[in-house]
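Subject: Handover of a structure and the findings so far

Dear colleague,

Please find below the structure that I am handing over to you.

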Amino acid sequence: MFESDVWGAIIKDAHRYPSPHNSQPIKVHLRSQTQAAVYYDLDLGLPAESYGIPFGHVCAGVFLESLRVCAQARGYGLREELHLSDMDFDSKDRLHFIGLVTLVPQASDPEDQADYEAFLVRQTSRRPYDNTLVDPAAVAEVETTAKRHGHVFRSSSDPALVRSVVHVNQATLFDDLRNDAVHREILTWLRFSRAEARQRGDGLSAETMLMPGPVLRFAMQHRGLWEAPVVGALIRRIYLNTMRGVRQLGWLEGPFDGPADYVEAGRTFMQVWLVFTRHNVYLHPFGTVITNQHSHAEFVAAAGAEEADGRKAWMLFRFGHSTPPPPAHRRPASAMILPAAQELHS
């Protein structure tokens with residue numbers, strides 16, 4: 001027996017899924033009481049770095065896992081019929097079809113409820129961490145979760161490696177800003193005041209990045225000054241200040257060689273995040289280190305990550321304990337829903 005507005009309730013929760021730059025690119029067309037079509041809005045993607053394009057499908061995998069968690073908490077399983085193809089950001093069709101999902105009645109158990117509760121409170125923390133190590137039991141559970149999906153979770157608390165990768169992450173921001181396309185893309189998603197973030201309901205707010213809005217705006221609009229000795233050093237210091245207390249880094253290695261792999265990677269990452277959240281652990285992805293090819297190579301060499309035969313170190317993040325971060329503003333769940341006239345043939 002299906003509730004009259006079960007999709008509305010599920011999507012109201014699932015729209016909290018994390019996305020790169022808080023861009024929220026997933027769109028859904030509700031075809032019936034039980035079936036929905038899932039799309040990726042190319043206008044909300046991040047194609048400036050070609051190596052970042054696969055993360056469109058990673059984001060889709062994150063959403064599908066989020067949808068599953070929110071559905072199962074209400075007593076429904078999710079049957080998927082995915083139609084995966086490479087994303088073409090030059091396509092005239094701006095909605096890239098991911099696939100169909102169908103709700104199937106399925107009893108919920110305590111694990112489903114625990115995942116759902118973790119999903120509702122999950123946040124990215126860019127705050128300084130408290131310099132304590134995470135419970136080894138939590139790390140072991142994450143390792144098991146990743147292995148279940150054919151991936152490997154590795155972590156390190158080696159101070160030299162942590163310090164090195166944190167500095168690579170900071171240097172990557174400087175490097176990316178030299179790329180005109182990446183610079184334009186980043187500016188598109190920055191929100192320089194709390195009011196702007198609340199009004200737009202998306203993007204990276206200065207508040208969540210722990211930087212004064214006027215300073216962030218000036219720095220981003222005058223990127224040439226980042227090379228100046230005094231101003232550049234000041235910006236580096238402000239940024240690195242948010243990285244205080246980081247004791248551990250984690251990364252995921254596994255199949256990453258086509259849309260099906262990318263989607264499965266996204267599911268894996270979402271499950272890893274939920275495990276950490278259930279253990280009251282925050283994380284903060286270092287996405288630009290992965291998508292910037294030079295920085296990626298630096299990280300792989302420093303960490304000894306294994307990449308061969310279609311397997312990559314495709315996710316990197318710091319994890320640990322911090323004070324609660326400010327909430328990221330989001331568009332209303334209704335903004336995800338496509339009107340019938342807008343849906344593409346699929």
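What is the volume of the second largest pocket? In this predicted model, the second largest pocket has a volume of about 210 Å³. Its lining includes S157, P159, V162, R163, V166 and H167, together with L240, M243, R244, G245, V246 and R247. Helix α5, which spans residues 159–177, supplies five residues, the largest share of this lining. By class, six of the lining residues are nonpolar, three are polar and three are charged.

The structure holds one cavity of 30 Å³ or more. The largest cavity contains about 50 Å³ of space. Among the residues that line the largest cavity are H15, Q24, I26 and K27, and R331, P332, A335 and M336 also belong to its lining. This lining is made up of four nonpolar, two polar and two charged residues.

The remaining findings concern helix α2, which covers residues 55–72, and its packing against two other helices.

On the α2 side, the contact is made by H57, V58, G61, V62, L64, E65, S66, R68 and V69; on the α10 side, it is made by P259, Y262, V263, G266, R267, F269, M270, Q271 and L274. Ten residues of this contact are nonpolar, five are polar and three are charged.

The other partner is helix α3, residues 110–121. Here the axes of α2 and α3 lie 8 Å apart, and the helices pack at an angle of about 125 degrees. This angle means that α2 and α3 are likewise oblique to each other. From α2, the residues S66, R68, V69, C70 and Q72 take part, and they meet D112, D115, Y116 and F119 of α3. The residues of this contact comprise four nonpolar, two polar and three charged.

With kind regards

Technical notes
Residues numbered from 1 in each chain as written. Predicted model: local features only at pLDDT ≥ 70, side-chain atom pairs only at ≥ 80, totals over all residues. Heavy atoms only, no water. Axes fitted to C-alpha atoms, helices over the stretch in contact; angles between N-to-C directions. Helix = DSSP H or I, 4+ residues; strand = E, 2+ residues; numbered from the N terminus. Parallel < 35°, antiparallel > 145°, perpendicular 65-115°, else oblique. Contact = heavy atoms within 4.5 Å. Nonpolar A, V, L, I, M, F, W, Y, C, P; charged D, E, K, R; others polar. 1 Å grid on protein atoms, 1.4 Å probe; cavity = no way out; pocket = protein on both sides within 12 Å on 5 of 7 lines; lining within 4 Å. Points joined across faces, edges and corners; volume = space filled by probe spheres on them.
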